[in-house]
Amino acid sequence: MNSLDDVTTLTHELVSIPSHEDETAAGDAIETWLREHTDGDVTRDETGNVIARRGPSDESGGGNSSDDTPSLALVGHHDVVPPAPSQLDGEEYVVDTRDGRLYGRGAADMKGAVAASMLAFRDADPNCELVFASFVGEEIGGTGARAAIDEGFVPDYAIVAEGSTNYSKPGVTDVVVAHKGRRGSTIVAEGSAAHASEPEAGENAIYRASDAIDVVRELEFPEVDVFGENLRGTVAVTGIDGGTAWNVIPDECEITVDERTVPGVRAELERVEEIDGVEWTVDQDLPPMDCDDEGFADTVLQAAIAAQDGDPELVTKPHATDAGWLAQAGTTCVVCGASEPGEAHTKTESVGIDVLERCYRIYRNTAESM
């Protein structure tokens, strides 16, 4: 069976396994396949992450490489967002292959790229310690990646196999050298209640919240350049909740803010606390990523050029991924994978089978040319 048949079969198998509420069965399938089809040292941690290691061909198997051998990790996740009704058949996921694409929840985000990574891990003759990792909990803030990092998982280099296909132009799989993070926060304005017929007797929390919104609206969007590629953040008020009755001056108003962060720079949201009665709290902070080694980015780009007929480029990505957690821990990362803009999390989610084969070649090429 050639690699195209392999990647189609393995992707079909992984996509068919429900993993939006419990990743155990998908993790079982990945772990079993790695043990049966590779000579890697395969582990499963308490969180449910599946990790396998292989050493260079001139060293013993099982990843027992010397301390000065660099490590390259092929990183994915096997959890998915909840499926649409059309993607379910009872308790099972519907998987369909037609017109050169494989359809099903998780096909693009990102079990197809996990399958391509597994096959590259099996087939490569690496010039480095080669690591495969599939995490749980990526869709809920990177819980699996964070647990693995806490236990010492910090490879030297990583290709995080999230989507980078059709970013610079149709028909190519690009190499992402930076992506945005997400900081979600809450602004609470406190006031004092009074009867609405005597508004001067109280302190209107909605008015204070409006002043805070004006501050947010005037903030400059942060931006950075990474290897000549521009990444620009955003900040926006996305919700407001205040007031209890039509005839009561409100004593509290809450605002939600979505900020897309960039490496090294943040919007100055703390400025809202200069307003009397206003407090700002960060609820979630998913880190951005920027590659800190242009040589590694070029190595992956050259592997991508060799793997396809198109002309891939170094690009940026608007979405947070587990690459942010890894980069924050000290791993040099890029993102390169099969998912195309507009495919992930949709009721018609699909992935091109030829693109999965392309990703397999990129991952294998990189492992063999580090």
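Here are some numbered notes on the structure above, which is a predicted model.

1. Let's start with the overall picture. The protein chain has 370 residues, and 54% of them count as buried. Its C-alpha trace spans about 80 × 50 × 40 Å along the principal axes. If you colour by secondary structure, look for eight helices and 22 strands.

2. Next, the charged pairs. You can find 20 salt bridges in the structure.

3. Now try Asp-258 and Arg-182. They form a salt bridge whose closest N and O atoms are 2.8 Å apart. Here again distant parts of the chain are linked: Asp-258 belongs to strand 17 and Arg-182 to strand 11 (residues 181-190), 76 residues apart. Asp-258 counts as buried because its relative accessibility is 14%, and the cut-off for buried is under 20%. Arg-182 has 23% relative accessibility, so it counts as partly exposed.

4. Asp-214 is partly exposed at a relative accessible area of 37%, and Arg-217 is exposed at 56%.

5. Salt bridges can also join up into a network. Which residues does this one link? They are Asp-28, Glu-31, Arg-35 and Arg-44.

6. Strand 17 (252-261) and strand 18 (278-286) each supply at least two residues of the patch. Glu-268 comes from the loop between strand 17 and strand 18. With a relative accessibility of 43%, Glu-268 counts as partly exposed.

7. That loop between strand 17 and strand 18 also holds Asp-276. How exposed is Asp-276? Its relative accessibility is 59%, so it counts as exposed. Asp-276 and Arg-208 are 68 residues apart in sequence, but their C-alpha atoms are 7.7 Å apart in space.

8. Thr-38 gives you a bit of local detail. You'll find Thr-38 in the loop between helix 2 (24-37) and strand 1 (41-44), and it is buried, with a relative accessible area of 13%. Its side chain reaches the backbone oxygen of Leu-34 at 2.7 Å. A polar atom of the Thr-38 side chain also lies 3.2 Å from the backbone nitrogen of Gly-40.

9. Helix 7 (residues 322-329) can be followed from start to end. At its start, a side-chain oxygen of Thr-321 comes to within 2.9 Å of the backbone nitrogen of Ala-323. Which residues of helix 7 are buried? They are Asp-322, Ala-323, Gly-324, Trp-325 and Leu-326. After helix 7 comes Gly-330, with a positive phi near 120°.

10. Finally, check a few backbone angles. Asp-109 and Met-110 are joined by a cis peptide bond, with omega about -5°, and Met-110 is part of helix 3. Asp-99 has a positive phi near 50° even though it is a residue other than glycine. Look for Asp-99 in the loop between strand 6 (96-98) and strand 7, where it is exposed, with a relative accessible area of 75%. Asn-166 is also a residue other than glycine with a positive phi, near 65°. Asn-166 lies in the loop between strand 9 (157-160) and strand 10 (175-179), and at 27% relative accessibility it counts as partly exposed.

Key:
Residues are numbered from 1 along each chain as its sequence is written. This is a predicted model: local features need pLDDT of at least 70, side-chain atom pairs count only at pLDDT 80 or more; totals for chains, interfaces and linings use all residues. Side-chain values use heavy atoms; hydrogens and water are left out. Helices (H or I, at least four residues) and strands (E, at least two) are DSSP runs, numbered from the N terminus. Buried means under 20% relative accessible area, exposed over 50%, partly exposed in between (1.4 Å probe, protein chains only). A salt bridge is a side-chain nitrogen of Lys or Arg within 4 Å of a carboxyl oxygen of Asp or Glu. A polar contact is a pair of N or O atoms within 3.5 Å; within protein, one must be able to donate a hydrogen and the other to accept it, and residues adjacent in sequence count only if both atoms are side-chain atoms.
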